[in-house]
Amino acid sequence: MTASPSSSPDVSPDASPDVSRELTPDASAGPSHALHSPVIAWFEQHARDLPWRRPEAGPWGVMVSEFMLQQTPVSRVLPVYEQWLARWPRPADLAAEAPGEAVRAWGRLGYPRRALRLHGAAAAITERHGGDVPQEHAQLLALPGVGEYTAAAVASFAYGQRHAVLDTNVRRVFARAATGVEYPPNATTAAERRLARELLPADESTAARWAAASMELGALVCTAKSPDCARCPVAGLCAWRLAGKPAHDGPPRRGQTYAGTDRQVRGKLLAVLREAVGPVPQAVLDTVWNEPVQRARALDGLVSDGLVEPLDGGLYRLPQTRPQTRPQTRPQT
């Protein structure tokens, strides 16, 4: 349930490719079950009171939060989440609207293709599941825009099921506590998935709590830049700390840039379209960026991604046509 760094537009944790780097647990980290109780106990005392964790959020509220929290901090998500659920309290409510309204309501959360994916998921839930977010992991995974991470997160956080939920925060906690390295690889590996399964409690409800607790530990204590080991409930078991906190020696960590990128131009173009009550002339869009080649490339990308609809006469608008939501043999991420 947290932001995941990426240098390319609209990439979610679900889209991370597998790579070959191996991670193996360090024996000094102790048995996996030794981590469970202190981390879960810490979570019971220190977990943030977030609206998607409350019972009234329901599975739809959990799903909305998971889409919004990809690559976006909680502080930015909170106001948009509240407005979204007030307007569209059920999947069918969102599905009944044009996809452009989802893009408009997404505001400045960034990576706006997530809004289209969430709209597509809502339409599929309405058509295939009677408007209720499905409980089965395979059915979640078959929804458009839902991949490995989101399916596991919704099944775990909404329905209390036993799944390995690997976001950036969890991967960092496991890398440090269990494998003795400062940072996980840039992309989720098969070895990380195996380790996550090995660390998963056998009891279903405990496993769901562990997923939330390890994620919160990474968000609040075992942070990327300034881990607060003095507050960590498993500092005495942490392989990285016990090894003297060796510096990262893997591939350079990817940073995020924004100023001057196509992402910034796309954001400026979408901001004009979100504020408009009708189609916008090309001439108005041309004023948002003074470099014509980059501006045209960004606009073409928005059209290609389905975020903008071109009309006759050089006009543009947010999309009004709902894409097809046919059952998929392979989930789209």
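The dialogue below reads several features of a predicted model.

Me: How should I read a helix that has one side turned inward, and which residues of α1 are buried?

Reply: Begin with the general idea: an α-helix has 3.6 residues a turn, so residues three or four places apart point the same way. In α1, the buried residues are Leu 35, His 36, Val 39, Ile 40, Trp 42 and Phe 43. These residues cover an arc of only 160 degrees around the axis, which puts them on the same side of α1. On the other side of α1, Ser 37 and Gln 45 are exposed.

Me: What covers the buried residues of α1?

Reply: The cover includes α10 (190-199) and α11.

Me: How does the length of α1 compare with what is expected at 1.5 Å a residue?

Reply: The 14 residues of α1 reach 21 Å from the first C-alpha to the last, close to the expected 20 Å. The same check can be made on α2: its 12 residues should span 16 Å, and its end C-alpha atoms are 17 Å apart, which agrees.

Me: How many of the residues of α2 are buried?

Reply: In α2, 10 of the 12 residues are buried, so this helix is largely enclosed by the rest of the structure. Among them are Trp 60, Met 63, Glu 66, Phe 67 and Leu 69. The elements that cover the buried residues of α2 include α3 (74-87), α4 (91-95), α5 (99-106), α6 (113-128), α7 (137-141) and α8 (148-159). After α2 comes Gln 71, whose phi is positive, near 65 degrees.

Me: How should I read a salt bridge, and which residue meets Glu 216 in one?

Reply: The general idea is that side chains of opposite charge can pair when their charged atoms come close. Here the side chain of Glu 216 meets that of Arg 53, at 2.7 Å from N to O. Glu 216 lies in helix α11 (residues 204-220) and Arg 53 in the loop between α1 (33-46) and α2 (58-69), so the pair ties together parts that are 163 residues apart in sequence.

Me: Is Glu 216 buried or exposed?

Reply: Glu 216 is buried, with a relative accessible area of 1%, whereas Arg 53 is partly exposed, at 26%.

Me: Which residue forms a salt bridge with Arg 297?

Reply: Arg 297 meets Asp 262 through their side chains, at 2.8 Å from N to O. Arg 297 belongs to helix α15 (residues 292-304) and Asp 262 to helix α13 (residues 262-275), so this pair ties together parts that are 35 residues apart in sequence. Arg 297 is partly exposed, with a relative accessible area of 44%, and Asp 262 also counts as partly exposed, at 24%.

Me: Which residue forms a salt bridge with Glu 309?

Reply: The partner is Arg 317, and the closest N and O atoms are 3.0 Å apart. Glu 309 is buried, with a relative accessible area of 14%, while Arg 317 is partly exposed, at 29%. Elsewhere, salt bridges that share partners join Arg 87, Glu 97, Glu 101 and Arg 104 into one network. The count of salt bridges comes to 16.

Technical notes:
Residues are numbered from 1 along each chain as its sequence is written. This is a predicted model: local features need pLDDT of at least 70, side-chain atom pairs count only at pLDDT 80 or more; totals for chains, interfaces and linings use all residues. Side-chain values use heavy atoms; hydrogens and water are left out. A salt bridge is a side-chain nitrogen of Lys or Arg within 4 Å of a carboxyl oxygen of Asp or Glu. Helices (H or I, at least four residues) and strands (E, at least two) are DSSP runs, numbered from the N terminus. Buried means under 20% relative accessible area, exposed over 50%, partly exposed in between (1.4 Å probe, protein chains only). The expected span of a helix is 1.5 Å times one less than its number of residues. Contact means heavy atoms within 4.5 Å. The arc is that of the directions from the helix axis to the C-beta atoms.
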